[in-house]
Amino acid sequence: MGKGWPPPTLRKVQQKDSDFNKFRYLVDDYGTLVVRWMDNGLVLVVSTMHPVGKCVLVNRRRPRITVKNKAHVKQVWGNQYRTDIYIPALIRHYNQWMGGVDLVDQHISYYMPKFHCQRNWIPMFIQMLAMICNNC
């Protein structure tokens, strides 16, 4: 990540300037989709496999009310505990599948040996062995 990332058009988007559930996106020179989406906070997501601008309908729980999100929580949820809203497809995809990676990392952390090494390939090799053992 260099000084020019995220791209300037998305870098200047601030939380105070964004409305709830609005997203801005652009496709960079390499065909990578870069999205800045306003949920309870600004979310920056990068994808190479999702189409531009596709949204899906999801049933969301009402988040806890804070000073920053008070207005949009009342507007979107009212007194309801759950409501249907459209969110970007890549956010839905991430939320649906992120648990698997987190679970593997959690299982590997239980048995990962703690050591320091001068050669950079040894820790990567041990990490791959741990993933193989975890998947068996």
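Student: What share of the 136 residues in the protein chain is buried?

Tutor: Buried means under 20% relative accessible area. In this predicted model, buried residues make up 25% of the 136 residues.

Student: What radius of gyration does the protein chain have, and what would a compact globule have?

Tutor: The protein chain has 20 Å. A compact globule of 136 residues would come near 14 Å. Check the extents as well: the C-alpha trace spans about 55 × 40 × 30 Å along its principal axes.

Student: How many helices and strands are there?

Tutor: The protein chain holds four helices and five strands. Starting at the N terminus, the order is α-β-β-β-β-α-β-α-α.

Student: How many positive and negative side chains does the protein chain have?

Tutor: There are 19 positive and 8 negative side chains. The centres of the two sets lie 7 Å apart.

Student: Now single residues. Is Ser 47 buried or exposed?

Tutor: Its relative accessible area is 8%. The cut-off for buried is under 20%, so Ser 47 counts as buried. Ser 47 sits in strand S3, residues 42–47.

Student: Which polar partners does the side chain of Ser 47 have?

Tutor: Look for two. The side chains of Ser 47 and His 50 form a polar contact of 2.7 Å. A polar atom of the Ser 47 side chain also lies 3.2 Å from the backbone nitrogen of Met 49.

Student: What does Ser 47 touch beyond four places away in sequence?

Tutor: Ser 47 touches Thr 32, Leu 33 and Leu 90. Follow Thr 32 next. Thr 32 lies in the loop between strand S1 (23–27) and S2. With a relative accessible area of 14%, Thr 32 is buried. Skipping residues up to four places away, Thr 32 touches Leu 26, Val 27, Val 46, Ser 47 and Thr 48.

Student: Where is Gly 41?

Tutor: Gly 41 lies in the loop between strand S2 (33–38) and S3. Its relative accessibility is 22%. Now compare sequence with space. Gly 41 and Asn 69 are 28 residues apart in sequence, yet 8.5 Å apart in space, C-alpha to C-alpha.

Student: Why does Val 73 count as buried?

Tutor: Because its relative accessibility is 1%, and the cut-off is under 20%. Val 73 lies in helix H2, residues 70–77. Leaving aside neighbours within four places in sequence, Val 73 is in contact with Arg 62, Pro 63, Ile 65 and Gly 78.

Student: Which helix holds Val 104, and what is Val 104 in contact with?

Tutor: Val 104 is in helix H3, residues 89–111. At 23% relative accessibility, Val 104 is partly exposed. Beyond four places in sequence, Val 104 is in contact with Met 131 and Asn 134. For another distance, take Val 46. Val 104 and Val 46 are 58 residues apart in sequence and 22 Å apart in space, C-alpha to C-alpha.

Methods: Residues are numbered from 1 along each chain as its sequence is written. This is a predicted model: local features need pLDDT of at least 70, side-chain atom pairs count only at pLDDT 80 or more; totals for chains, interfaces and linings use all residues. Side-chain values use heavy atoms; hydrogens and water are left out. Helices (H or I, at least four residues) and strands (E, at least two) are DSSP runs, numbered from the N terminus. The radius of gyration is taken over C-alpha atoms; the globule rule is 2.2 Å times the number of residues to the power 0.38. Buried means under 20% relative accessible area, exposed over 50%, partly exposed in between (1.4 Å probe, protein chains only). Lys and Arg count as positive and Asp and Glu as negative; His and the chain ends are not counted. The place of a charge is taken as NZ of Lys, CZ of Arg, CG of Asp or CD of Glu. A polar contact is a pair of N or O atoms within 3.5 Å; within protein, one must be able to donate a hydrogen and the other to accept it, and residues adjacent in sequence count only if both atoms are side-chain atoms. Contact means heavy atoms within 4.5 Å.
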